[in-house]
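Here is a short report on strand pairing and aromatic contacts. Look over the model first.

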Amino acid sequence: MVVVDPDDLKVGDHIYACRAAGYAHHGIYVGEVNGVSFVIHFNSTTNGGGVVGSVFTASRWSKNKACQVCGHVENVNLGVVKTCLDCFLKKDELQLQCYIGNSKPSNEVVKMAYNLLERGFGEYNIAINNCEHFATFCKKGEPYSGQVENASMMINLLPTGSLPFRLFDLYLSFRKQGNHR
């Protein structure tokens, strides 16, 4: 985990913010326009923001109220969105995902993020197509979610009798076989 000052961001950085609910929201920093920093990120594709998004952010951010800086409206603007950094962070700490080795050059990362902003990234699915999959796809060309992998490893450590967790792991394995990218 690398906490970073917004002034230190570079165009094409994979950034994230750890939410109080115990997950991280990921996106791609695409630069500054007129003194406003922007991020392209992937939100729920269903109205209501999904279970995690709607339950844990409702108390901190007014639903259906447009941001006065970027115009983003939570739970209205769905899928891949471009927002100001403040809307992305929701007052959480800005963190930088560090890559060693084979990530794309920053101009290609930003180009991919804008491409997906136009054409979408498919249906949001917390297990196989989430915001972290989006950001790593932009950065490396292949979707990956460390959060999902860590959850899957934790599930495998549970006793065999934990049927709901085993079913989730089975579902995850099944869905990975049909990975859309």
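Which residue in strand 2 stands opposite Ala17? His25 does.

## Basis

This is a predicted model, where local features need pLDDT of at least 70, side-chain atom pairs count only at pLDDT 80 or more, and totals for chains, interfaces and linings use all residues. Residues are numbered from 1 along each chain as its sequence is written, and side-chain values use heavy atoms, without hydrogens and water.

Strand 1 covers residues 14–18. Strands (E, at least two residues) and helices (H or I, at least four) are DSSP runs numbered from the N terminus. Four of the five residues in strand 1 are buried (under 20% relative accessible area, 1.4 Å probe, protein chains only).

Strand 1 runs antiparallel to strand 2 (residues 24–33), with five bridges between them. Strands pair if DSSP finds at least two bridges. Five residues separate the strands in this hairpin, and Gly22 takes a positive phi near 100 degrees. Strand 5 (residues 95–96) is also antiparallel to strand 1, joined by two bridges. There, Gln95 is the bridge partner of Tyr16.

## Aromatic contacts

The structure holds five aromatic pairs (ring centres within 6.5 Å; planes under 30 degrees apart are stacked, over 60 edge-to-face, the rest tilted; Phe, Tyr and the six-membered ring of Trp count). Phe121 and Phe134 pair edge-to-face, at 5.4 Å centre to centre and 85 degrees between the planes. Phe121 lies in the loop between helix 3 (106–119) and helix 4 (131–140), and Phe134 in helix 4, so the pair ties together parts 13 residues apart in sequence. Phe121 counts as buried at 1% relative accessibility, and Phe134 at 0%.

Phe42, Phe121, Tyr124, Phe134 and Phe137 form one aromatic cluster.

Methods: Buried means under 20% relative accessible area, exposed over 50%, partly exposed in between (1.4 Å probe, protein chains only).
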